[in-house]
Amino acid sequence: MIQDPQGLTGAEIHRLRAEHGWNELPRGKRVSAAVVLLRQFTGVLVLMLIVAGLIALALGERVDALAIGAVVVLNGVLGFTQEWRAEQAMRALQAMLSPHATVIRDGQERVIPARELLPGDLILLAEGDRVPADAETLREVGLQIDESVLTGESVPVSKITAEPLFSGTTVTSGHAEARVTAIGTETEFGRVALLTGSVEDTPTTLQRELGILARQLGWVAIGVAVLVAAMGVWRGLETLQVFMLGLSMAVAMVPEGLPAVVTVTLALGAAAMARQNALVRNLQAVETLGAASVICTDKTGTLTENQMTVREIWTRDAAYEVTGSGYDPAGHVAQGGHKLRWGDDPVLDRACHVGLVCSHARLSREGETWVAHGDPTEAALIVLAHKAWAPTDARAPVIAELPFTSDRKRMSVLELGEGGGTVLTKGAPELVIGICDRVLTAHGPAPLTDEGADAAREAAHRMAERGFRVIALASREASGEMIEESRMVLVGLVGMIDPPRMEVAGAIRAARGAGIRTLIITGDHPATARNVADQLGIGAKRIVTGAELAKMDDAALAETLSQPVGFARVSPADKLRIVGALQALGETVAMTGDGVNDAPALRKADIGVAMAIRGTEVAKDAADLILLDDNYATIVGAIREGRRQFDNTRKFVRYLLSSNAGEVVALIVNTIMLAPLIFLPTQILWMNLITDGVTAVALGLEPSEKAQMRDPPRASTDRVLSLGSVTVIMAFGLYTGAAAVLLFEMLRPLGVDVARTAAFTGMVVFEKVSVFAFRSLRTPNWRLGLSGNPVLLLAFAAMISLQVAAVYWAPLQTLLQTVPLGWNEWGMIAALSLPLLIVPEILKSLGLFRGRAA
């Protein structure tokens, strides 16, 4: 019984509430829909658009202002929709968990929301419960706690009276009565959460790149606009014409469609990832994953099933292999390649029977999935019995039990069968072997000699060195109804492990092929970490423990990280330090995890990847990407998508800038030649916002190139605009600008309206044709296949058709101030377009462009 059955009284609850508050962690400020919407309009490019729109409105150019305003609103709505959807998805995940606690208050047992707990509360814990606050055990029976979310240790820990229990951990077996000692941020769980909150968010690579690009374009646009406006003054133009000329130049310089194209492309990529069970919380964080050079991953539940599985059985006469994985009973027990069934081997039968009866766990089937209830070790022994075809439904009654404790390290039950009682025991090998004086053989019990005991200990040692958790099984006939743990018969040893997920090895190979290193960082035992690393091909030649890490200075840690290494028995602060050290070495770090112990490192990493099903709320809040199926292999698809998005972003940025460069060249040459204005501001907006924008979005849907996952991760110094890409942009800009001016000058005798319409239409066609050159800078279209991106073909056809409508449809003629063109003008435009299609194909076919895709 509880020492104090009264528990807290109403008066005490009121006083303690005022002193300690609620048993909850600070969730951070809830972001309102208005704030999410407003921050869509804070980017430099978007602010430049807003300024340009206000200037146009002040000059009375309402059509131009309306067009600019439309693209600003479109960009904001798209960004808001994606971010708010992710935020709502996170809230839905949080709402799925509504923790409660069973307490004694005013002498009455009641169930209350866990957030209402207070220090001093008496709580009752049973198998399957989550510990709702830090507490001290008052009384327990066979209590075992899964602390993996806090420590990373996959094996449950036994607890005895007066030992601490930690918030967020789970009762795997037994029951207990405990007194709450700390709530909220004062718990161990809460302290790690506060450590997570102390890590500052940093902008993603794409955010930094687009910010730099926007500032560069802004200053260039202002400079060129002022220069051209000065030239207009020198030409003696009227003030309104000078303003219009400067506005035209500024509009031509800035790729107005870029913010919307980036947002649409990232949103479409995020939607594709959601269909692959990856929830993106931050649109622009996805491309950072594509730059990852190191994946730091927890073991339990991330690389492994988090389901203990028997792999080996040792007896005095034989060794057995066990197939299958997790709690699915599909599999078998074999000796020397020969499958065994119940009745084939009496020693194996006895081992399975002891494991089956000496247990409180049970299995159930939920749909296509087998679920274990109770201690994972006991569940693994029950699955073993199923694989050996043991009669699991015909157990004799158990009439007495000595529960497992951290001192005894074993559990015994008294089974009452037709022939009398039998004591069945399972536990730590060193203790169970010590209470045995016989060993079971195929011919019955035989004396357990010193040599035989040493052989059993050596077998247990070999299993443990390979990362197995080893359980010894024993039995004896009972005398009466008392459990005697002495003079027992050693049945055998069982080696079990939390097996790696089947798909993870392939995912790690794919990551390695992409130049990405996988680093295991776990709170589990070093031998277990090595075993998992070896099975998955991680290639950790050395496992460093947290104690060893604490002795290293930063230089020693950097040296260690330059070698094939893994980490075990580490704390949350250790994980944080490892991630920081990798970043200091210039690595782009992705961190996967599911426990609260992973959360600080998730926040610190360049991109944090959390698990949705098993992950804690703290981990999910700290992450940028959440794997909805808890499947590590999903991360490889996310890496591929991240690389595709960044490469495609570079493609359409270069495409948009090459289009704008052509417009700028045409305007500058046109001004120098003292000719009438070649493009009107409305026409420039039409090109930049409508025709270029749609085509750029289609370019952003370009599938991954074959070599994309064979390229090494891009360096942190890689720019969206490299020197080589500027050369390509200028080459296209000089040609398209010169071609537009040539059209304008050749057709001026037919009238300025015809010449301007032809130059305007020619520029649209030039920009549409040149998009095919930007599908790849190293692979010609005949190798990519024109059908590889059908959306681009559709966009090309639609934009050419729209431009035809702009030339011949009266409402658009009025809006854009165009006139009809004849076959001769269209023939000139087509002839000038051909080099944009042919020359890049020849250069790429000759292999003159090498390096990364895009």
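Of the 854 residues in the protein chain, 56% are buried, where buried means under 20% relative accessible area, exposed over 50%, and partly exposed in between (1.4 Å probe, protein chains only). The structure is a predicted model, in which local features need pLDDT of at least 70 and side-chain atom pairs count only at pLDDT 80 or more, while totals for chains, interfaces and linings use all residues. Residues are numbered from 1 along each chain as its sequence is written, and side-chain values use heavy atoms, with hydrogens and water left out.

**Overall architecture**

- The protein chain contains 29 helices and 28 strands; helices (H or I, at least four residues) and strands (E, at least two) are DSSP runs, numbered from the N terminus.
- Among contacts in the protein chain with a separation of 6 or more, 71% are between residues 24 or more positions apart, a contact being heavy atoms within 4.5 Å.
- The protein chain has an accessible surface of about 34,700 Å², and carbon and sulfur atoms contribute 60% of that surface. Accessible areas come from the Shrake-Rupley method with a 1.4 Å probe, and for residues only the protein chains shown count as cover.

**Salt bridges**

- The whole structure holds 28 salt bridges, each defined as a side-chain nitrogen of Lys or Arg within 4 Å of a carboxyl oxygen of Asp or Glu.
- Lys768 and Asp692 form one of these salt bridges, with an N to O distance of 2.9 Å. Because Lys768 lies in helix α25 and Asp692 in helix α23 (residues 681-699), the pair ties together parts that are 76 residues apart in sequence. Lys768 and Asp692 are both buried.
- Arg778 and Asp711 are joined by a salt bridge of 3.2 Å, N to O. Arg778 is in the loop between α25 and α26 and Asp711 is in the loop between α23 and α24, so this pair ties together parts that are 67 residues apart in sequence. Both of these residues, Arg778 and Asp711, are buried.
- A network of salt bridges links Arg778 and Asp711 with Lys651 and Glu705.
- Arg365 and Glu368 also form a salt bridge, in which the closest N and O atoms are 3.7 Å apart. Arg365 is partly exposed, at 49% relative accessibility, and Glu368 is exposed, with a relative accessible area of 69%.

**Aromatic pairs**

- Three aromatic pairs are found in the whole structure. Rings of Phe, Tyr and Trp (its six-membered ring) pair if their centres lie within 6.5 Å; planes under 30 degrees apart count as stacked, over 60 as edge-to-face and the rest as tilted.
- The pair of Phe732 and Phe774 is tilted, because the ring centres are 5.0 Å apart and the planes stand at 45 degrees. This pair links distant parts of the chain, 42 residues apart: Phe732 belongs to helix α24 (residues 723-747), and Phe774 to the loop between α25 (752-770) and α26 (781-784).
- Phe732 and Phe774 are both buried. Together with Tyr655, Phe732 and Phe774 make up a cluster linked by ring pairs.

**Individual buried residues**

- Thr779 is located in the loop between α25 and α26. With a relative accessible area of 18%, Thr779 is buried. Not counting residues up to four places away in sequence, Thr779 touches Glu705, Leu784 and Lys844.
- His353 belongs to helix α11 (residues 346-357). The relative accessibility of His353 is 18%, so this residue counts as buried. Apart from its neighbours within four places in sequence, His353 is in contact with Trp342, Glu415 and Leu424.

**Cysteines**

- A disulfide is a covalent bond between the sulfur atoms of two cysteines.
- The count of disulfides is zero under the rule that a pair of cysteine sulfur atoms must lie within 2.5 Å.
- Cys296 is buried at 0% relative accessibility, and Cys352 is buried with a relative accessible area of 1%.

**Nonpolar surface patch**

- Leu834, Leu837, Ile838, Ile842 and Leu846 form a nonpolar patch on the surface, and their accessible area together is about 470 Å². Patches are made of residues with over 30% relative accessible area and no salt bridge; like charges are joined within 9 Å, and nonpolar side chains (Val, Leu, Ile, Met, Phe, Trp, Tyr) within 5 Å.
- Leu837 lies in helix α29 (residues 823-845). This residue, Leu837, is partly exposed, with a relative accessible area of 40%.
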